[in-house]
Amino acid sequence: MTVVKSIELVIPHDVYTSGSNVDGQLVLSLHNTLIDPLVKVELIGRGYLEWIEEDNIDKDYSRPATCVNKADYVRRTKTFKIEGNYLDPGVHTFDFHFTLPPRVPSTFTSPVGRISYFLQAFCATRELILAKQTKYLQVQGTSIFRPDILESEYPLVVEVKKILNYNCCLKSAPISLKLSLNKNIFAPGDHITFTTQITNQTGKSIKKVIFALYSIVLYKAFNLRSEKRTLEVRDELIRLESNIDRGACEVTKIHSVLPLPKVMPVSSSQKSDDIMDITYELTSTIYFPWCMNSVLARIPIIVQNEAATLNE
């Protein structure tokens, strides 16, 4: 039977914001007396990227090359003072307090990279680790954007017009798709409310419109020759389909809502020196069952978080 019966990390919140406090308890249960113990808790936050690309693609030979980058965002340690240098059998509770740095990125996971934060508790002697536990935290990052600049640079209305051919290309008619927002800056957990207006002069019905929110992530790493490499990946985060059951209608308006996750990376500033930059784009797409064409409207949005309020 081991000396340590159980070790547990207890924290009061599921989500923390950068710059906020992480307070909790380490609960240690012992079967027997433990002499000369080492009991501590660590708060660790780090990011890691890795992908494989073809090297020397402009030459007659090429080979896979690994691109890697990493970042350390926080590392704090609390080592508890043990009176008398021993612990009796039973349950012992240790309080800890950490403060996250004010500008750390959000928790993030993808096939290319990850940003993770976790607490790690140890109970050990000077020669041997007797027990440990790891508990991951959800961390919401904050922003450094100026709202007045963003509101002037990002549009609230985008309109796309297209001429469609149908009936074996014997006929053509215009169709337009207008996508509009009442604001372009959102916080994690907000609802994106938007309107889609379709002006259809083809005389044929539209059966389905698909709305989606995409993240565009620019990963930044280095190959084995220390050359800076980038990889852009576009991922669909949220998808909503609207089935239009009416017949042919010249003007159709659709009001939609997309809920944002409560924890998500904030939009990157232009001067970001992090291991990745991220932007977001809202799209509206019309698909036509009677031809191979589609009409797509896209509008950039900003995800911004200003204050450490999620765990207050």
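Me: Is Phe118 buried or exposed?
Reply: Buried means under 20% relative accessible area, exposed over 50%, and partly exposed in between (1.4 Å probe, protein chains only). Phe118 has a relative accessible area of 4%, so it is buried. Tyr136 has 58%, so it is exposed.

Me: What should I keep in mind about the model?
Reply: This is a predicted model: local features need pLDDT of at least 70, side-chain atom pairs count only at pLDDT 80 or more, while totals for chains, interfaces and linings use all residues. Residues are numbered from 1 along each chain as its sequence is written, and side-chain values use heavy atoms, with hydrogens and water left out.

Me: How many aromatic pairs does a search of the whole structure find?
Reply: Rings of Phe, Tyr and Trp (its six-membered ring) pair if their centres lie within 6.5 Å; planes under 30 degrees apart count as stacked, over 60 as edge-to-face and the rest as tilted. The search of the whole structure gives six aromatic pairs. Take Phe80 and Phe94: their ring centres are 5.0 Å apart and their planes are at 35 degrees, so this pair is tilted. Phe80 sits in the loop between β6 (63–79) and β7 (86–87), and Phe94 in strand β8 (residues 90–99). The pair links distant parts of the chain, 14 residues apart. Both Phe80 and Phe94 are buried. Now take Phe118 and Tyr136: with centres 5.3 Å apart and planes at 50 degrees, this pair is tilted. Phe118 is in strand β10 (residues 113–124) and Tyr136 in strand β11 (residues 129–140), so the pair ties together parts 18 residues apart in sequence.

Me: Which residue has its charged end over the ring of Tyr214?
Reply: A charge sits over a ring if NZ of Lys or CZ of Arg is within 6 Å of the ring centre and within 35 degrees of the ring normal. Arg234 places its charged end over Tyr214, 4.3 Å from the ring centre. Lys40 lies over the face of Phe122, at 5.4 Å from the centre of that ring.

Me: What is the order of the open sheet of three strands?
Reply: Two strands pair if DSSP finds at least two bridges between them. The order is β1-β3-β8, with antiparallel pairing. β1 (4–10) and β8 are the edge strands, each pairing on one side only. Strand β3 (residues 21–30) pairs with β8 over ten bridges, in the antiparallel sense. Leu28 has His92 of β8 as its bridge partner.

Me: Where does Phe222 lie?
Reply: Phe222 belongs to strand β16 (residues 208–222). Its relative accessible area is 39%, so Phe222 is partly exposed. β16 pairs with strand β17 (residues 228–243) over 15 bridges, in the antiparallel sense.

Me: Which residues is Phe222 in contact with, leaving aside neighbours within four places in sequence?
Reply: Contact means heavy atoms within 4.5 Å. Phe222 is in contact with Thr66, Cys67, Val68, Asn69, Glu227 and Lys228. Asn69 is 153 residues away along the chain, yet the two C-alpha atoms are separated by 6.3 Å.

Definitions and conventions
Helices (H or I, at least four residues) and strands (E, at least two) are DSSP runs, numbered from the N terminus.
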